[in-house]
Structure formats: C-alpha cells, structure tokens
Amino acid sequence: MEGTVDSRRFSWLVFFFVFSMFLLVFSGNFFLTMVGWDGLGLVSFCLVIFYSNSVRLESGLVTVFSNRVGDVFFLLSFLFFFINGSFTWDFCSFGLAYMFVIFIFFGAITKRAQVPFSAWLPAAIAAPTPVSSLVHSSTLVTAGVYVLIRYNYVFSFFINNFLKVFFLFTMLMAGGCALVERDLKKIVAISTLSQLGMIIFIISVGAWLLSFLHMVIHAFFKRMLFLRTGSLIGQMAGLQDSRFWGNRSFCYGSFIFFVVSCLCLSGFPFFLGFYSKDFIIFSCSFSLGIFMYFAFLIGCFFTVMYSFRLIFNVYFLMYKYISYYNFSENMKFFIFVIMLFLKCWVLGGLFYWVFLSEMNIFFSFFDLVVGIVLFLGGLLTFFMLKFLYSFIFRFCFILFLRWKRSRGTSFFFNYLGHVRFEGTWIEVFGGSGIYTMIFNFNKYINTLSGISIGIILVVFVLRSFYLVYF
Amino acid sequence: MVFSVCVLMKCFLVFLFGLLFGFFDLRYFFTFFVFFLLFFLFDFGSFWFGGVFFCDRFSFFLLYLSVMVFVFCFFSSLIEGWTKNYLLGFNFVLFSIFFLLLISFVSFSFFVFYICFELIFMFIFIFLFLWGYSPERVQASFYIVFYTMVVSFPFLIYIVMFEGVLFSLKFLFFHNFSSYWWFFLFLVFLVKLPVYGIHLWLPKAHVEAPVSGSIVLAGVLLKLGGYGVFRFSSFLLGSLLSYRGYIFSVGLVGGIFSCFLCLRQVDLKALVAYSSVVHMGFGLRGLFCFSFFGLRGGVYMLLAHGFCSSCLFYLLYVLYERFHSRSLFIIKGIGILVPVLSFFWFIFCIFNIGVPPSFSFFSEVFILVGLRGISFYTSLFIGFFLFLSGLYGIFMYVSVRHGDSILMDQKYYVVIREYLNMYGHFFPLLFIPLFISNFYL
C-alpha cells in the first residue's frame, strides 16, 4: 500500500516503533521501559506527521503533547523507584505504592487515551493506514494497558467505583461518537477507544486476565479491520468520508473480511471476539451493581451498533460514488488478511484452552443467551437509529474533548514574561536601565560644569575604597 | 572481572552503533570513539599535575566538553576562520579562549580562575564586536561586558578583602562568613549560568554572534558559571543553605517563563538561547540541592546541555548558510528539502527535551530525585516544567521541518564537515550514560 515516496524512512520508523514496543514489554528495568515508552510516543509522532500536511501536523502535535503528559507522569514516578532503591518492578513494596500508582496510572491513561486525554487517538488516524493498523489496534494503545496488567498486583487496591465510572464513561462516549462519525477511519479509531475503555473497565473490576485476553484478541480483528478499511480507502482513491460510500459489496474479498471482523467485534457466537467478550459480560454480571452493569451492556450495544453501521454504510446502501469506476485489489496484501481471518475464525478455542480453562471458567447457557440478546438487540436498535440520531449527535459530539488552540495561553505568558518582565523590569534593572541612568547622569553632569565624567568617577571610586578600608 | 566484561560490552555496543550509522568513513568514527574512551573508560580520580594544576572529576568532564566544543567550533567556522578573517585574528581569539578555559578548569586558586573567567568574556566581547553579523552586535557585546563587569567588581573586592583565606581552592574548607558578601561571590556565576532575572545578555549575544561564538558560548561558557557555583559552594555551604529557596524559585519560575518565551520567538537562535536559560535554570536547581543526586544531576545537565545546545546552534548555522536568514517564517520545509538534516533536527530537539536514552534525560531524572530530598511536592512541579520543555522542543522541530520552503528549486546536500559535526555531538550524548558508572562523580 505504501510503495510510494520515502518507503525507506517509513520502514525505519516502523522498525523503531516495534523496537520501542519490544523494549517496553520485555524490560525489567524501569529505565529501559522508559526508553520504550518515550520512544513509542515520539515515533508515533513521526509516523503521524509522515506526510507533510497541516491537518496531519495538527493531529501529530495533539498526539505528541498528550503522550508527553503521560511521559511526564512516568518520569515523575522515577522518584518512587529511587525511594524504593531498585528499578525493577519486582521489588515494589506496598508502602510506597499509593502515590506511585497514581503517577503510573495517569501516565498509562494518557497513552491509552482515556477520558481526559482521549483527543489524540482519533486525531492520530492521520498516519498512513498500515501505521494506524499497527498502532491503533495493537501496540501503542496497549502499552498503557500492558503496564497496568503486568503489574496489577500493585494497582489492586486502586479499584474503586469512581474509576469504574470513568472508564465506563469513556466506553459509552466513544461508542456514541462512533455512531455519528462520518470519517471511516475515525470510526474505527473510536471503536478502538471504546474497546480500550472496556478493557480498562474490566481491569478495574478485577478480571485482569480476561482483559488481557480481550486486548490480545481485539488486536487481531481490529488489525484486520484497519487493513480492510485501508484497502477500501485505496479503492476510493483516498476518500475517507463515508457519505460517499455505499454498495461496495461487489468486492467480495473485502466484504468477507470486513464483515467477519465486525462480527468478531460485536461478539458473534464462536468467532474470536466471542471468547473474550462474552466471558467479560458473564463476569460482570455477578460483580457489578445493576446500574453499572446496564451501562456496560449499553456500551456493548453501542459496539454492535456502530460495527453494523460501518458495514451498512460501506456495503449495503445506494451507490454514491463517481459514475465511471474501475478498481482492483492487490493480491499481495490478501495473504496477511487471510491469515488474520483464519485466526479470527479458528483460534477462539485455542485462546480459551490456553488462558481460561485453567481458571475453571466454563460456558453457561446464560452466557450465550446474554450474548445473543446483546447482538440482536444491537441490530434492532441500529435499525431504529434514525430516530435516535439527533439526540446522540448532540450529546456525543459535545462530550468529545477537542484540543483547543493554545494561542491564548502563549500570548498571555508572552505578555507576562516578555513584556512585563523582560521587556520592562529586567531591562530597567539590567542593561538599558543602567545605560539610560548613566546617560542621563552624564548629561546632567555636563550641564553643570566642564568637568569630565571620568575624573569624577575616579575620585568617587577612590573615596569609596578609602571608606571601606579605613 | 564482571566490570571489565560490562565495559567491553558497552564498547562493543558503541562500536556497533558506529557501524550502523555509516554516514561516513569509519576513520572519523574511530577518532571520536577513541577520544571518548580516553576520557570515559577509566576513572582517573583527582590528581595534581605540573605542581600548580589540580583536576578532579568534574573538571575532567568539563575539560572533555571544552575540547569537544572547540573541535566543533573550528569545524563550523572553517571558512570564516581560516580564509576570510585569518589575519584579523579570528583563530587567535578562539584559541586564546580555549587556552583560558583549560586553565580555568584546572586552576587551583580563586584568583587564577577569576582572571581566566573574566578574560574569556573580554575575548568574547572582541569576537562578537568584530565578527558579528549586524549593527545590533554593538549593544549585544556591551551587554555581555557590562553584565560581567558589574558583578565582578564586588567579587574582586571580596577576594581582596578575604585575602589570606581565599588563595586556595581546597574545597573541604568550610568557613562561616556570616556577612552578606557571600551573595556577591555567587552573583558572578549566576550571571554567567544565566539565571532568569539577569539573563538578558544571552539571547542578544547568541543572536548577534557568528556560529563559533554561539557554540563556544552555549557549549562551555555557561558551564563556567556552573563550575564556579560547584567549586565555591562547598566553601560557603552554611550561608547558601539558608537562601537556597530563593534560588530554587527563581530557577523554576524563570524556567517556566523562558519556556513560554521560547514558543513566541521569531528568531530561531533566540529560541535556542531561551532554551539554554531553561536548562541552566534546571541545572542550577540541581546544583543547589547539594545532595548526591542533585549535584550530579546538575553536572550532567551542564554537560548534556553543552552538547545539545551547541549542536542546535550548529544546525541553525547549517540552515542559515542555505536560507540566509534565521527567521522562523523563512526556515521551513527541511523535511522535504534535506531530510537528513530533519533527522538530526529531530534527534537534537528531542535530546533537548530530555528523552531517553540521551544524557539529558538522566540529568533530569537525577535533578528530580535530588529535589525530592528538598521538598517532595515542589519536585512535582518539575512535571509541569518538563511538559513545557517538550512543547518548545517539538515546536522548534515542527516549524523547521514542515511548511512551504522558499528554496524548492535547488538540491541541497549536506557535506561531510557538517555530518561530522552533528555526529560528534550525537555520539557523546548517547554514550556518556553508558560509561557514567565508571566514574564516581
């Protein structure tokens, strides 16, 4: 897909991205983790601004500054490592854990784009599509989740209702926004956001293994979804606005894979997503209050709804594009997609067997019923979407935190720093103030008499020495 | 045994790095590598030589810094120094600054240090005045001279007053001068390491100076201030500790103001000059902690800043040679014109911010830890500070890389001299952290 300009730089950037992720995941020392963490943020910035464009630049800046906030929190958590005496995670004592956890936690939150810091994820779709598929489905956003899951014993006391509400809110908000977005890639990015909200919600409930499983599984089908979206966008010659899409069902390859990945996302029985999602719903049924459980179910509804909205918008409506049209899909790219597809279809049982059977989690009929009810309920609600559209539109767009321009802030500080202090007071006590003083003094002296200023100064200095010493 | 294996592994890592970045001949890489290893592979400890000179680990670091900075300085001004202005003494001025710097870093007595210190700034004045680029250099050079002179006369009086006591730099000598004169001892150095209130000379000097002057100024001369604080602080620890809070506040608030000022600069050189103020404010806070981590954080900040800022100035000069302007509005579009330069801009902008695995990152972490010993909650303010640092660094990179370039119809190559210079800055910043464990400082 990217056989175009500057593929060498692109390959290097992707290599550094993977390398940073590798460092982050496989390092026991916090310094190396920090290298990976910072590297991830910066390399993703480079990838987002890969094409030099003002829109992409803005998205890139949002990305890097949000990541920088997370980096700052991580950097501050170095303090706690120094207090503790060791940089490995294994020796975190619970005495220091409280504040330390807050810092790491907030750092991780920015990376995975939860509510206060969620503006960068939809903005970062400006990266080239393979990057989006790598970054926004599997790696960058899971960096924070990985930190939380791997060291979950440190965070175990941090579970409380306030946080659950926070993450649920992210999930709902993102789901709602995905229902009203126009840009196709943005919908997929927002769906990642919503799934991440779900993942962290599950961690805060306590079932970290399930959330890890869901993270891994989600990576598979989201990546497939991104790849298919990318090839579809390529077919439409780069047009991402979904109002022009419709009736693409004559490209069967994309159709199958797209639909399968959407079905996985919604938790269709016995696809890959089912194995994680239904277990999550099952475990939530018995450990949450009624209100939160129903909010969570509404979040899952949203998932089904927006994934079907995606399918319908792309494949099933009236044809809206240009009249004379010819396209082809490159067979080389199909191999990866087919591999992912097979995994989506086939590997569910494997994941179950590896991860969950040891914990004696079994399927129950209740599970299946809940899953099917969700799925059908989501479908039905989707068809009634027209009636709810305006309500959702207004509600969700306003909630979505946009990154405002910071010109006001910098103007204020420029005024404060430069104009009020530097331009004026520091100059008064510094260079030009003293110069003006001397200049005026000199003029005054010269008006008094014909004595030159040099002699006066010499006399003055000698007198002061005399006074000091004797 | 384990130590030597670790050291060998680190050397091998560095060697691999050199092989990877095959921008140029391996001969040049080896030059830098061997010279670097000479300084950082072995811990020479503190030693006397020549009967008159004394060198300890901090001086050793700064000697390395001054030698490297002068190498880059001469690389950068090859045209100006050896052809155009040879007879006028361009090289003479630079060499004499170098000589005085070396003496000041190994000097034993306060008096010799002071003389070298002041003479260096006299030479910078001459340098700026004779070879600056625009008529405003008059004001700039006068600012340097008067800022230096005004604070150095009280210092001279101080030295003369306490004559019997001060002709030695034995730094384990605590003496409680319960008068307020200690302030004048430090004011000299606080002006050089520019503390926010008395920093006005720095942006002016940088904007008007030619590239060698900027490199020397940012690379080593600001560190003279830090070196002076370090040397003289053990002497006056009691008085300093009571007034430490003011210095911390000035460093923090000044740093934050300078961060915002960076974002509003139009002249790119002034931007880098204000980032120098930010970094030195940070380093000052580290130095005034007087704890294990704080002192080392301050020292590492001085070193890291030396390499980082001097390379940024050199990169600006590379662009100045092509665009013939330093303005933010004119230098644009490097990402398309000369992508290699945009790579180096990226590297040095992020090293400026403090991104691992660079040396500046370690310095910031150490300063953070040192400040925790003072006050835990104040050290959290550094988070705000670090985020703002990130702002101007990325802003600088992005403003240079993106945009419509005015030079679209020519191909621009980067010559080997420029590669060497940039690589030579890159190399120590990446690899000093590996070898820092060999040193006790």
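I started with Arg322(B). Its relative accessibility is 11%, so I logged Arg322(B) as buried, the cut-off being under 20%. I keep in mind that this is a predicted model.

Next I looked up the partners of Arg322(B). One is Glu418(B): a salt bridge joins the two, with the closest N and O atoms 3.4 Å apart. Arg322(B) sits in helix α15 (residues 292–323) of chain B and Glu418(B) in helix α21 (residues 416–435) of chain B, so this pair ties together parts that are 96 residues apart in sequence. Glu418(B) is buried, at a relative accessible area of 2%. Glu321(B) also forms a salt bridge with Arg322(B), at 3.9 Å from N to O. I noted the cut-off here, which is within 4 Å. Glu321(B) is partly exposed, its relative accessible area being 24%. Through shared partners, salt bridges join Glu321(B), Arg322(B) and Glu418(B) into one network.

**Salt bridges elsewhere**

How many salt bridges does the rule give over all chains? I get 4. One of them pairs the side chains of Arg231(B) and Asp56(B), with 2.8 Å from N to O. I checked where the two residues sit. Arg231(B) belongs to helix α11 (residues 211–233) of chain B, while Asp56(B) is in the loop between β2 (53–55) and α3 (57–76) of chain B; the pair therefore ties together parts 175 residues apart in sequence. Are the two partners buried or exposed? Arg231(B) is buried, at 5% relative accessible area. Asp56(B) is buried too, at 8%.

**Packing of α15(B)**

I went back to α15(B) and looked at its packing against helix α18 (residues 359–372) of chain B. The angle is about 155° and the axes are 7 Å apart. Angles over 145 degrees count as roughly antiparallel, so I wrote down α15(B) and α18(B) as roughly antiparallel. The crossing of the two helices is left-handed. I then listed the contact residues. On the α15(B) side they include Phe293(B), Tyr300(B), Met301(B) and Leu303(B), along with the glycines Gly294(B), Gly297(B) and Gly298(B). On the α18(B) side I found, among them, Phe359(B), Phe366(B), Ile367(B) and Val369(B).

**Backbone in the loops**

Which residues does a cis peptide bond join? Pro356(B) and Pro357(B) are the pair, with omega about 5°. Pro357(B) is in the loop between α17 (339–353) and α18 of chain B.

I also checked phi. Phe290(B) has phi near 55°, a positive value in a residue other than glycine. Phe290(B) is in the loop between α14 (268–287) and α15 of chain B. His324(B) likewise has a positive phi, near 60°, and is not glycine. His324(B) lies in the loop between α15 and α16 (334–337) of chain B. I read His324(B) as exposed, because its relative accessibility is 62%.

**Confidence in chain A**

Last, I turned to chain A. Its mean pLDDT is 72, and 62% of its residues reach 70 or more.

Conventions
Residues are numbered from 1 along each chain as its sequence is written. Chains are lettered from A and ligands numbered from 1 in the order in which they are written. This is a predicted model: local features need pLDDT of at least 70, side-chain atom pairs count only at pLDDT 80 or more; totals for chains, interfaces and linings use all residues. Side-chain values use heavy atoms; hydrogens and water are left out. Helices (H or I, at least four residues) and strands (E, at least two) are DSSP runs, numbered from the N terminus. Buried means under 20% relative accessible area, exposed over 50%, partly exposed in between (1.4 Å probe, protein chains only). pLDDT is the predictor's confidence in each residue, from 0 to 100. Axes are lines fitted to C-alpha atoms, for helices over the stretch in contact, and angles run from 0 to 180 degrees between N-to-C directions. Angles under 35 degrees count as roughly parallel, over 145 as roughly antiparallel, 65 to 115 as roughly perpendicular and the rest as oblique. A crossing is left-handed if the near helix is turned anticlockwise from the far one by less than a right angle, and right-handed if clockwise. Contact means heavy atoms within 4.5 Å.
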